[in-house]
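Here's a quick briefing to read alongside the coordinates.

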Amino acid sequence: MLDPEFLKRLACPECKVVLRPEEGKLVCTRCGRRFPVRDGIPVLLLEEAELPAGGTQPAGGRRPERC
Ligand SMILES: [Zn+2]
């Protein structure tokens, strides 16, 4: 497992906030991107990150509700 002290030094390349370890991945606490950990090495690349499914999209915001 990843060293907590090591984790503290990692940050989302987009938001510069700390990452939360979750099921072998690192999750950004702000944008929700999930960065893979390969062979114990976190891959902090935006192009490698998975966006959250129910997504916090920076541009659309909340989906407008219709009657
Ligand atoms: Zn982020």
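Arginine 9 lies in the loop between α1 (4-8) and β1. Its surroundings put arginine 9 in the exposed class, because 8 C-beta neighbours fall inside 10 Å. One thing to keep in mind for everything here: this is a predicted model.

**Around arginine 9 and leucine 19**

- Arginine 9 and leucine 19 are ten residues apart along the chain, and 9.2 Å separates their C-alpha atoms.
- Which residues does leucine 19 touch, not counting residues up to four places away in sequence? The list is Leu7, Leu10, Ala11, Cys12, Leu26, Val27, Cys28 and Phe35.
- Leucine 19 also belongs to the largest nonpolar core, and β1 covers residues 19-22.

**Overall layout**

- You're looking at one helix and four strands in the chain.
- Read from the N terminus, the elements go α-β-β-β-β.
- The chain has 67 residues, and buried ones make up 12% of them.
- Take the contacts between residues at least 6 apart in sequence: 12% of those join residues at least 24 apart.

**The core**

- In soluble globular proteins, nonpolar side chains tend to be buried together.
- Here, the largest nonpolar core has six residues, namely Cys12, Leu19, Leu26, Cys28, Phe35 and Ala49.
- Within that set, leucine 19 touches Cys12, Leu26, Cys28 and Phe35, which are among its contacts beyond four places in sequence.

**The sheet**

- The four strands make an open sheet in the order β1-β2-β3-β4, with antiparallel pairing.
- β1 and β4 stand at the edges with a single partner strand each, so one side of each has no neighbour in the sheet.
- In a regular strand the side chains alternate between the two faces of the sheet.

**β1 with β2**

- Four bridges pair β1 and β2 in the antiparallel sense.
- Glutamate 22 sits opposite lysine 25 in β2.
- The two strands form a hairpin, with two residues between them.
- Where is glutamate 23? You'll find it in the loop between β1 (19-22) and β2 (25-28).
- Glutamate 23 isn't a glycine, yet its phi is positive at about 45 degrees.
- Is glutamate 23 buried or exposed? With 7 other C-beta atoms within 10 Å, glutamate 23 is exposed.

**β2 with β3**

- β2 and β3 run antiparallel and are joined by three bridges.
- Valine 27 is placed opposite arginine 34 in β3.
- This hairpin has five residues between its strands, and glycine 32 in the turn has a positive phi of about 80 degrees.

**β3 with β4**

- How many bridges join β3 to β4? There are two, and the strands run antiparallel.
- Valine 37 faces proline 42 in β4 as its opposite residue, while arginine 38 stands opposite isoleucine 41 in β4.
- β3 and β4 form a hairpin with two residues between them.
- Aspartate 39 falls in the loop between β3 (34-38) and β4 (41-42).
- Aspartate 39 is another residue other than glycine with a positive phi, in this case near 55 degrees.
- Why does aspartate 39 count as exposed? Because aspartate 39 has 5 C-beta neighbours inside 10 Å, and the exposed class takes in residues with 12 or fewer.

- Glutamate 50 is in the segment after β4.
- Glutamate 50 counts as exposed, with 12 C-beta neighbours inside 10 Å; the exposed class runs to 12 or fewer, so this count still qualifies.
- Leaving aside neighbours within four places in sequence, glutamate 50 is in contact with Arg33 and Arg34.
- Glutamate 50 and phenylalanine 35 are 15 residues apart along the chain, with their C-alpha atoms separated by 6.6 Å.

Methods. Residues are numbered from 1 along each chain as its sequence is written. This is a predicted model: local features need pLDDT of at least 70, side-chain atom pairs count only at pLDDT 80 or more; totals for chains, interfaces and linings use all residues. A residue is buried if 20 or more other C-beta atoms lie within 10 Å of its own, exposed if 12 or fewer, and partly exposed in between; C-beta atoms are placed from the backbone. Two residues are in contact if their C-beta atoms, placed from the backbone, lie within 7 Å. A nonpolar core is a set of buried Ala, Val, Leu, Ile, Met, Phe, Trp, Tyr and Cys residues joined through C-beta atoms within 7 Å. Two strands pair if DSSP finds at least two bridges between them.
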